[in-house]
Amino acid sequence: ERFESANPLAPFELPIREEDALTGKNLADVNFWHNTGATIIGIRRRGGLILSPGPYAEFCPGDVFLIVCDAESFARAKDYVRTGK
């Protein structure tokens, strides 16, 4: 329901955990957009905000990735971060 009425430009939040498969890897290495269809527009890290992170931004535990996508891409992004597949 949340996805059906969501503004497509309102970012979804994807927290990064220590046990996630992508932890410690950077955006370029994992081809995030190609594998998920989701666009990362920012990262909340240690009280700050990194807008439009570059390809060398890493997935760090405690980060919250802000992504813009549809419901299907959000599900793929969560699964990809957790499993690496």
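Guide: Start with what counts as a helix here: a DSSP run of H or I, at least four residues long, numbered from the N terminus. With that in hand, take the pair in helix α3. The model is predicted. Arg-76 and Glu-72 lie four residues apart in helix α3, so about one helical turn separates them. They form a salt bridge, with the closest N and O atoms 2.8 Å apart. Glu-72 is exposed, at 56% relative accessible area. Arg-76 is partly exposed, at 33%.

Now turn to Asp-20. Asp-20 is buried, with a relative accessible area of 5%. Asp-20 forms a salt bridge with Arg-17, the closest N and O atoms being 2.9 Å apart. Arg-17 is partly exposed, at 36% relative accessible area.

Asp-20 also forms a salt bridge with Arg-82. There the closest N and O atoms are 2.8 Å apart. Arg-82 lies in helix α3, residues 71–83, while Asp-20 lies in the loop between β1 (12–15) and α1 (27–30). The pair therefore ties together parts that are 62 residues apart in sequence. Arg-82 is partly exposed, with a relative accessible area of 25%.

These contacts belong to a wider set. Arg-17, Glu-19, Asp-20 and Arg-82 are linked in a network of salt bridges. Across the whole structure, the search finds six salt bridges.

Methods. Residues numbered from 1 in each chain as written. Predicted model: local features only at pLDDT ≥ 70, side-chain atom pairs only at ≥ 80, totals over all residues. Heavy atoms only, no water. Salt bridge = Lys/Arg side-chain N within 4 Å of Asp/Glu carboxyl O. Buried < 20%, exposed > 50% of the residue type's maximum accessible area, 1.4 Å probe, protein only. Helix = DSSP H or I, 4+ residues; strand = E, 2+ residues; numbered from the N terminus.
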